[in-house]
Amino acid sequence: MSRKGNKLITIPQNATVTINADHVIIKNGANQLRVNYPNKIIKVENINNALKVSRLEETKAGRTFHGTVASSIMNALHGVTTGFHKSLKIVGVGYKAAISNKQLKLDIGFSHPVIFDIPAALHVICPVPTQIDINGFDKQLVGEFAANVRATRKPEPYNGKGIMYSDEIIIRKVGKTAEGAGATASAAPAKK
C-alpha cells in the first residue's frame with residue numbers, strides 16, 4: 001500500500017483545483033500547473049475540499065503511479081501557493097554571476113562567459129556576485145535550472161572551487177604533495 005498515495009490532499013484556501021478526465025489543473029492567480037495521470041489506472045476525486053488519489057487496478061503500474069500522482073499533486077499545490085526555492089553559491093577567485101536582459105551570465109574560469117536564458121516561470125536574482133537565488137512555482141523547473149547551472153562548474157574536492165548548492169557539503173581531499181610530504185618526512189632515515 002502506498003502511504004503517500006492513500007493520504008487525503010487538503011486543498012488550500014487560495015488554490016482552485018479542476019479535475020478533468022486525464023489531468024488535474026491547479027491554479028492560484030496567474031500561477032497554473034497541470035498534473036497528468038493515466039485515467040485507466042488512477043482515479044482522482046474531490047471529497048469535502050480534499051483530493052483523493054486511488055488506483056483502479058492492482059497492478060505494478062497501478063502501484064507505481066498511485067504514489068507518483070499523489071506526490072505530483074502535492075508538489076503542484078505547494079508550488080502555486082508557497083513556491084520553491086534553490087540557492088547556489090559560487091566559490092573561486094574571480095568567479096561571479098550577473099543577471100541582465102533575462103539572462104544569467106557566469107564568469108567561472110573559462111575563456112568565455114557562460115550564458116543561460118532564464119525561463120519566464122522563474123525568478124532569478126543575484127544578491128551578491130557569488131550567490132544565485134532561484135524561485136518558482138514549478139518544482140521540476142526550479143530543480144532542473146539549478147542543476148544545469150551547477151553542472152557548468154561542479155565543485156571540485158581539492159580546492160573547493162565551483163558552483164554548489166548553499167547547503168551542500170563538499171568533502172575535501174588532501175592533495176598529493178601534502179600527502180607525499182608527510183610520508184617522506186617520516187620515512188626518511190636520520191642523517192649523521
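# Exercises on strands, cores and rings

**Exercise 1.** In this predicted model, describe how strand 2 and strand 3 are joined.

*Solution.* Start with the pairing: strand 2 (residues 16–19) and strand 3 (residues 23–28) run antiparallel and are joined by four bridges. Next, pick a position: Val17 has Ile26 in strand 3 as its bridge partner.

**Exercise 2.** Work out the order of the open sheet of four strands and state which strands stand at its edges.

*Solution.* The order is 11-12-7-13, and the pairing is antiparallel. Strand 11 (122–125) and strand 13 (162–165) each have a single partner strand, so they stand at the edges and one side of each has no neighbour in the sheet. From one strand to the next, the twist averages 20°. Inside this order, strand 7 (residues 84–91) pairs with strand 12 (residues 131–136) over six antiparallel bridges; His85, for example, has Asn135 in strand 12 as its bridge partner. Helix 3 (residues 139–151) packs on the sheet and touches strand 7, strand 11, strand 12 and strand 13. The direction of helix 3 makes about 5° with that of strand 7.

**Exercise 3.** Identify the residues that touch the most other members of the largest nonpolar core, and the elements that supply this core.

*Solution.* The core has 21 residues, and Ile26, Val44, Val53 and Ile73 touch the most other members. Two or more residues come from each of strand 3, strand 4 (31–36), strand 5 (42–46), strand 6 (50–55) and helix 2 (60–81). Helix 2 gives the largest share, six residues. For Val44, with neighbours within four places in sequence left aside, the contacts are Ile19, Val24, Tyr37, Leu51, Lys52, Val53, Val69 and Ile73. Another core, of 20 residues, lies apart from this one; Leu88, Ile90, Phe116 and Val142 are among its members.

**Exercise 4.** Classify the one aromatic pair of the structure, and decide whether its rings belong to buried or exposed residues.

*Solution.* The pair is Phe116 with Phe145: the ring centres are 6.1 Å apart and the planes stand at 75°. Planes over 60 degrees apart count as edge-to-face, so this pair is edge-to-face. Phe116 belongs to strand 10 (residues 114–117) and Phe145 to helix 3, 29 residues apart in the chain. Buried means under 20% relative accessible area. Phe116, at 15%, is therefore buried, and so is Phe145, at 6%.

**Exercise 5.** Locate the charged groups over the rings of Tyr165 and Phe110.

*Solution.* Over the face of Tyr165 lies Lys86, 5.3 Å from the ring centre. Over the ring of Phe110 sits the charged end of Arg153, 4.4 Å from its centre.

Notes. Residues are numbered from 1 along each chain as its sequence is written. This is a predicted model: local features need pLDDT of at least 70, side-chain atom pairs count only at pLDDT 80 or more; totals for chains, interfaces and linings use all residues. Side-chain values use heavy atoms; hydrogens and water are left out. Two strands pair if DSSP finds at least two bridges between them. Axes are lines fitted to C-alpha atoms, for helices over the stretch in contact, and angles run from 0 to 180 degrees between N-to-C directions. Contact means heavy atoms within 4.5 Å. A nonpolar core is a set of buried Ala, Val, Leu, Ile, Met, Phe, Trp, Tyr and Cys residues joined through side-chain atoms within 4.5 Å. Buried means under 20% relative accessible area, exposed over 50%, partly exposed in between (1.4 Å probe, protein chains only). Rings of Phe, Tyr and Trp (its six-membered ring) pair if their centres lie within 6.5 Å; planes under 30 degrees apart count as stacked, over 60 as edge-to-face and the rest as tilted. A charge sits over a ring if NZ of Lys or CZ of Arg is within 6 Å of the ring centre and within 35 degrees of the ring normal.
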